[in-house]
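Here is a short note to read beside the model. Keep the sequence open as you go.

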Amino acid sequence: MFNELKNRFDFFIRSKTKFSRKNYFEDESLTEDLNNYTFDILSQYLKIQPAKSLKVLDIGSKNWAYVKGEYKFFKQFTPELRLDGVEIDAYRLYSNFYSRYEVAKFYTKNLAGVNYFPDNLLNINNEYDYIVWFLPFVTQYPHKRWGLPEKYFMPEKLLNHAFNILKKDMLIINQGKDEAKIQENLFKLLNIKYVSLGLISSTYLKYKNERYGFIVQKNA
């Protein structure tokens with residue numbers, strides 16, 4: 001109960017004050033492996049049809065340190081790319097007093113057609129050709145540990161909304177077998193057709209906890 005009250009209070013303060021130092025900067029080589037990993041994972045598991053224009057949504061973008069990998073991947077298939085990222089807790093501060101939002105501004109600069117929204121996914125109502133969702137919260141424990149109030153834990157509702165705004169394919173990656181099983185149960189509960197990709201791997205990064213992937217095809 002105490003942790004929940006603390007999460008509610010902290011989330012309210014940061015979402016209202018939107019405090020952050022300005023003009024974040026870092027050596028971009030520090031995120032090179034992460035961007036290469038993202039490009040590699042998308043290349044392995046997401047099949048894109050070339051088009052005159054594409055709209056893509058990244059859900060739970062955090063500080064979007066991997067955005068260049070996403071952008072490079074999708075830009076191969078269209079001359080006109082709109083890549084949106086949404087993060088509900090965009091004003092969470094790091095120890096250096098930069099917020100996720102300010103860091104994301106740094107990573108997304110000079111990327112035409114890229115937009116970062118500090119908002120709830122449920123407020124995003126545009127339709128997207130493709131959606132990428134890394135590590136959605138499907139259990140309460142990590143959701144609480146990340147400092148989010150309980151009222152925002154609604155995996156079924158969020159997945160259903162993502163499916164409703166999807167036009168083609170969605171890639172979802174979960175952490176660990178237990179979360180992957182819960183993700184499958186959510187698909188079945190919502191009668192969403194999916195393809196299990198099994199264990200996700202890349203030569204660029206190795207994570208302590210294994211990752212498992214799924215493809216949702218809207219028109220399958």
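**Notes on the pocket and its surroundings**

1. α2 and α5 (140-145) each supply at least two residues of the lining of the largest pocket. α2 gives the most, with three residues. Helices (H or I, at least four residues) and strands (E, at least two) are DSSP runs, numbered from the N terminus.

2. This is a predicted model: local features need pLDDT of at least 70, side-chain atom pairs count only at pLDDT 80 or more, and totals for chains, interfaces and linings use all residues. Residues are numbered from 1 along each chain as its sequence is written, and side-chain values use heavy atoms, with hydrogens and water left out.

3. Which residues lie nearest the centre of the largest pocket? They are K62, L135, W146, Q175 and R211, out of 22 lining residues.

4. K62 also sits in the loop between β1 and α3. Its phi is positive, about 55°, although K62 is not a glycine. Most residues other than glycine have a negative phi. K62 is partly exposed, with a relative accessible area of 27%. Buried means under 20% relative accessible area, exposed over 50%, partly exposed in between (1.4 Å probe, protein chains only).

5. W64 is found in the loop between β1 and α3. W64 is not a glycine, yet has a positive phi of about 55°. Is W64 buried or exposed? W64 counts as buried, at 0% relative accessibility.

6. Now look at helix α3 (residues 67-75). Its buried residues are V67, G69, E70, Y71, F73 and F74.

Technical notes
1 Å grid on protein atoms, 1.4 Å probe; cavity = no way out; pocket = protein on both sides within 12 Å on 5 of 7 lines; lining within 4 Å.
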